[in-house]
Amino acid sequence: MVKATIQTPSLEELVTYYDRLGGEQGVRDIVERFYDLMDLDLQFKALRDTHGGTLEPARMKLYLFLSGWLGGPDLYVERFGHPRLRARHMPFSIGIVERDQWLQCMAQALQDQGVEGELFDKLMAAFFGVADWMRNRDD
């Protein structure tokens, strides 16, 4: 007779990135810092220019999206349905410069909120994959 074995996930596997970043407040703080940097730092001008006059709708949507994407409440889906990220970003001109500025801005926001080490590296690798997929220009 063969016995089935059940593997119990480790505590690390049960704790989401959302939790590791501080839950709702931690994710909000990262998003706020991200958009503050984009708005105030001239090195992110090309990225800022893609967002129009106000950043408020983008702040809210990124928070809602990241909440679920990081393993917390699926707020974006509850409010807007499937994210369809690439389709929703098609109206914006996104090339290598915008991708790289988005990643630099997010890296700085994470670091400013004390995210470092393995967690920082894993998040930035995941963000790169998504940011690169959003490109709709080759330059």
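Q: At what angle do H8 and helix H9 (residues 117-134) pack, and how far apart are their axes?
A: In this predicted model, H8 and H9 pack at an angle of about 155°, and their axes are 10 Å apart.

Q: Why is H8 called roughly antiparallel to H9?
A: Angles over 145 degrees count as roughly antiparallel. The angle between H8 and H9 is about 155°, which makes H8 roughly antiparallel to H9. The crossing in which H8 passes H9 is right-handed.

Q: Which residues make the contact of H8 and H9?
A: H8 contributes Arg99, Trp102, Leu103, Met106, Ala107, Leu110 and Gln111, and H9 contributes Phe120, Leu123, Met124, Phe127, Phe128, Ala131 and Asp132. By class, the contact of H8 with H9 consists of eleven nonpolar, one polar and two charged residues.

Q: Which residues meet where H3 packs with H8, and how do they divide by class?
A: From H3 come Ile30, Arg33, Phe34, Leu37 and Met38; their counterparts in H8 are Trp102, Cys105, Met106, Gln108, Ala109, Leu110 and Asp112. The contact of H3 with H8 has nine nonpolar, one polar and two charged residues.

Q: Why are H3 and H5 called oblique to each other?
A: H3 and helix H5 (residues 56-69) pack at an angle of about 140°, with their axes 10 Å apart. The roughly antiparallel class needs an angle over 145 degrees, so H3 and H5 are oblique to each other. H3 passes H5 in a right-handed crossing.

Q: Which residues make the contact of H3 and H5?
A: On H3 they are Glu24, Val27, Arg28, Val31, Glu32, Phe34, Tyr35 and Asp36; on H5 they are Ala58, Arg59, Leu62, Tyr63, Leu66 and Ser67. The contact of H3 with H5 divides into eight nonpolar, one polar and five charged residues.

Q: How do you know that arginine 28 lies over the face of tyrosine 63?
A: The criterion asks for CZ of Arg within 6 Å of the ring centre and within 35 degrees of the ring normal. Arginine 28 is at 4.0 Å from the ring centre of tyrosine 63 and lies over its face. Likewise, the charged end of lysine 61 sits over the ring of phenylalanine 80, 5.3 Å from its centre.

Q: How many aromatic pairs are counted, and which residues form one aromatic cluster?
A: With ring centres within 6.5 Å as the rule, the count comes to seven aromatic pairs. One aromatic cluster is formed by Phe34, Tyr35, Phe65, Trp69, Tyr76, Phe80, Trp102 and Phe127.

Q: How many helices and strands does the protein chain have?
A: The protein chain has nine helices and zero strands. Its C-alpha trace spans about 65 × 30 × 30 Å along its principal axes.

Conventions: Residues numbered from 1 in each chain as written. Predicted model: local features only at pLDDT ≥ 70, side-chain atom pairs only at ≥ 80, totals over all residues. Heavy atoms only, no water. Axes fitted to C-alpha atoms, helices over the stretch in contact; angles between N-to-C directions. Helix = DSSP H or I, 4+ residues; strand = E, 2+ residues; numbered from the N terminus. Parallel < 35°, antiparallel > 145°, perpendicular 65-115°, else oblique. Left-handed = near helix turned anticlockwise from the far one by under 90°. Contact = heavy atoms within 4.5 Å. Nonpolar A, V, L, I, M, F, W, Y, C, P; charged D, E, K, R; others polar. Phe/Tyr/Trp six-rings, centres within 6.5 Å; stacked < 30°, edge-to-face > 60°.
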